[in-house]
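Hello,

I am handing over the structure below. My notes on it follow; please read them with the model open.

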Amino acid sequence: IHTIGSQALRVTFSPQQQRLALGIAQFASLALDNACLLEQAESATRLKSEFLSTISHELRTPLHVILGYNDLLIEQAFGPLTSQQHSTLLRLQRSARELLGMIDDVLQVGRLEANKLPIELQEIPVPTFIAQLRIEISELCEQSDLRFEWQIDEELPILLTDVGKLKMVIKNLIGNAVKFTPEGTVKITARAQREGVEIGVSDTGPGISREDLRAIFDAFRQGGQVRTRQHR
């Protein structure tokens, strides 16, 4: 049988030391609570991203089928169409493509939040980039009654960018300009800015109120007093 001795040590703290120890304990408890909240938030964000990604994929498949059959109808693969039927199918096609674009945007948000959206940098001359952009938004321009002005400076430096993502940003800006401008002009500019290029989109719409400027940069947020132009 081994006997283990013990010794008790009594330490007396001054009131100031007690307050300091209590403060340290409170800060430690707060840090632990914040760490738990951060872990919960990261878990919630991950689950949300996975949910958005799954739903986006599930929605894209039937929508592509709808667009495919709609294209066949427009091409009169199943028989001739009246002018009214053709016009209706074109509106259906336009709405379905807009919906597909929104679903793709949601999918991109999910990938971005999950850090699964790689950057693919490449060099492209600004005139080439603008020419591609104009072709890709030509249908939007034709459907709108607005005037589109392109002011592109000469001798701009070569862009080193992710072309697809830059196009997405600018097309979204142009789409919003068209959506929220009842009449007038949408202007797209490109000018040299230090060692890079500044690309801007402006319109003659009502603009964004000062109160909404911060909120609109949050995901799935838009201004409070939103009035969109009517599309035929």
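The backbone oxygen of alanine 177 is 2.5 Å from a polar atom in the side chain of threonine 181. This is a predicted model, so every distance here is computed from predicted positions. The side chain of threonine 181 also makes a polar contact, at 3.3 Å, with the side chain of aspartate 203. Threonine 181 sits in the loop between α5 and β4, the latter covering residues 185–193. Its relative accessible area is 0%, and because buried means under 20%, threonine 181 counts as buried.

Alanine 177 itself belongs to α5, where it is one of the buried residues. Viewed down the axis of α5, the buried residues fall within an arc of 95°, so they line one face of the helix. Helix α5 spans residues 163–179, 17 residues in total. From first C-alpha to last, α5 reaches 24 Å, close to the 24 Å expected at 1.5 Å a residue.

A separate item concerns the surface. Val65, Tyr69, Leu72, Leu73 and Phe78 make a nonpolar surface patch of about 480 Å². Of these, phenylalanine 78 lies in the loop between α1 (15–74) and α2 (83–113). Is phenylalanine 78 buried or exposed? Phenylalanine 78 has a relative accessibility of 56% and therefore counts as exposed, the cut-off for exposed being over 50%.

Regards

Notes
Residues numbered from 1 in each chain as written. Predicted model: local features only at pLDDT ≥ 70, side-chain atom pairs only at ≥ 80, totals over all residues. Heavy atoms only, no water. Helix = DSSP H or I, 4+ residues; strand = E, 2+ residues; numbered from the N terminus. Expected span 1.5 Å × (residues − 1). Buried < 20%, exposed > 50% of the residue type's maximum accessible area, 1.4 Å probe, protein only. Arc of directions from axis to C-beta. Patch = residues over 30% accessible without salt bridge, like charges linked within 9 Å, V, L, I, M, F, W, Y side chains within 5 Å. Areas by Shrake-Rupley, 256 points an atom, 1.4 Å probe, with all protein chains shown as cover. Salt bridge = Lys/Arg side-chain N within 4 Å of Asp/Glu carboxyl O. Polar contact = N/O pair within 3.5 Å; in protein donor to acceptor, adjacent residues only side chain to side chain.
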